[in-house]
Amino acid sequence: MTVSDAARSTLVIVVVLVVQHTLLDTVRVGGAHPDAMVLLPIAAGYAAGPERGAVFGFVAGLVADLFLPTTYGLSALVGSLLGFGTGLATQGLVRSSWWLPPVVAAAATAAGLGGYAILGAVLGDPGMVRSYLAPALVVATPAAAVLALPVVRFVSWALPPRATVHGPAGGGTR
Amino acid sequence: MPLRTRRSRRTRRGLTLVVLLAVSIAVITLDYRGQAHGSISWAKRAAHDAFAPVQDAVDDVARPVGSFLAGAVHGSSLEDQNADLQREIGALRRQALAGQATRSALRELEILDNLPFAGGIPTVTARVTAFSPSDFAATIQLDRGTTSGVAVGMPVVGGAGLVGQVTETWSSGCTVRLVTDVDSSVGVRFGAHGDLALVQGAGLGKALAVNLVTPGTVLHKGEVLTTSGLQNAQFPPDIPVARVTSFSSTPSATQEAVKAAPLDNLSILQYVDVLQWQSAP
């Protein structure tokens, strides 16, 4: 990752964090709200591949965890897996369809929230699965589909494709 | 692409993920076991303190932008005049609603000024600035923190009763775990004989579970449960916590199935009081 990539990534994480805590947190339905922070690793994996997606997801998760009352590091763990998994699952797909990011975002958000709640339950908080997961899925999954396009575009700006390494015969890095 | 290059990239990718997961698990373990609690709390406090002015600035900007957009279009034609009149009516309606909101906030503050159950405990009145930043915890954030004398563990009350307990503080704010959070449990007393029970949260908007009530205990719908204040209790005695909404018992049950509701509407709180009281060590 270059210095300019790091600077742009920092800006993206801070802007999304501010939007999350000043706007999206106030949109509450049944106790849950849209979650743009969980979209960051998904968008990074989609836009930049598994490796950079995992690193971006880890950093975004560590930052998100600073503002959450849950166990520190949980979002970083889920973010790494989401970034890597999304990158791996989508790297062979043709990116021309406009509907692909919303579908990927919704599916990966559901998986991420499920993983987050299960890990929380493993760490001694079974209420995360029993009481909080269902409303979170109902609200955050469709919201992720709506927010996917702008967030993927924003993250793609921060993590542009790497320069071709292997010349004309080698292809890109993705 | 040569096969060896592809394989080495795959290996590097896998290694990156393994390193990130290992670091995440190490951080989780340190936080979970409390070994890095000091440094993690410090980092969280610093992040909240750094973020507070940004949040205030965004709030300040968002409001005038709305007003600016509403008044931006101005014309001289009849249609424009009509639109202006409609806008004025809208503004008057908004003012009336704002007046209602202000009156309701004032009422809330008046009640907090004359709490019948605080019993001389010093209080810090605080405004609710955010509801549950996480979908996996029922919490609120307040605009009063360590500089106002708020500390972790202090009880937080609304006009009608207990709201929760402070779990995190920073200089200009704090996080409060609501009584409805699944990790919240409050020792309570009720009835003429002062029976004891434990009120446990089940998630925001869900009924509270009242546990450890012996079968056959006399209960009434609407009965108010108050904090027990037993030795080493987390809350001072006699603060109203919840109202019984339903109870039932089956012959083989070891306890009554009792449900209760918080006395304040926790989803529309505007102001609360932090009681400057801490349990005995």
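**Exercise 1.** State in which order the six strands of the barrel in chain B close, and how they pair.

*Solution.* The barrel of chain B closes in the order 6-7-8-11-10-9, with antiparallel pairing. Here strands are DSSP runs of E with at least two residues, helices are runs of H or I with at least four, and both are numbered from the N terminus. Two strands pair if DSSP finds at least two bridges between them. From one strand to the next, the twist averages 40°; axes are lines fitted to C-alpha atoms, and angles run from 0 to 180 degrees between N-to-C directions.

The model is predicted: local features need pLDDT of at least 70 and side-chain atom pairs pLDDT 80 or more, while totals for chains, interfaces and linings use all residues. Residues are numbered from 1 along each chain as its sequence is written, and chains are lettered from A in the order in which they are written.

**Exercise 2.** Determine how many bridges join strand 6 to strand 9 of chain B.

*Solution.* Strand 6 (residues 185–190) and strand 9 (residues 224–227) of chain B run antiparallel and are joined by two bridges. V188(B) has T227(B), in strand 9 of chain B, as its bridge partner.

**Exercise 3.** Explain why helix 4 of chain A is largely enclosed.

*Solution.* Helix 4 (residues 74–90) of chain A has 17 residues. Of these 17 residues, 15 are buried, so helix 4 of chain A is largely enclosed by the rest of the structure. A residue is buried if 20 or more other C-beta atoms, placed from the backbone, lie within 10 Å of its own.

How values were computed:
The expected span of a helix is 1.5 Å times one less than its number of residues. A residue is buried if 20 or more other C-beta atoms lie within 10 Å of its own, exposed if 12 or fewer, and partly exposed in between; C-beta atoms are placed from the backbone.
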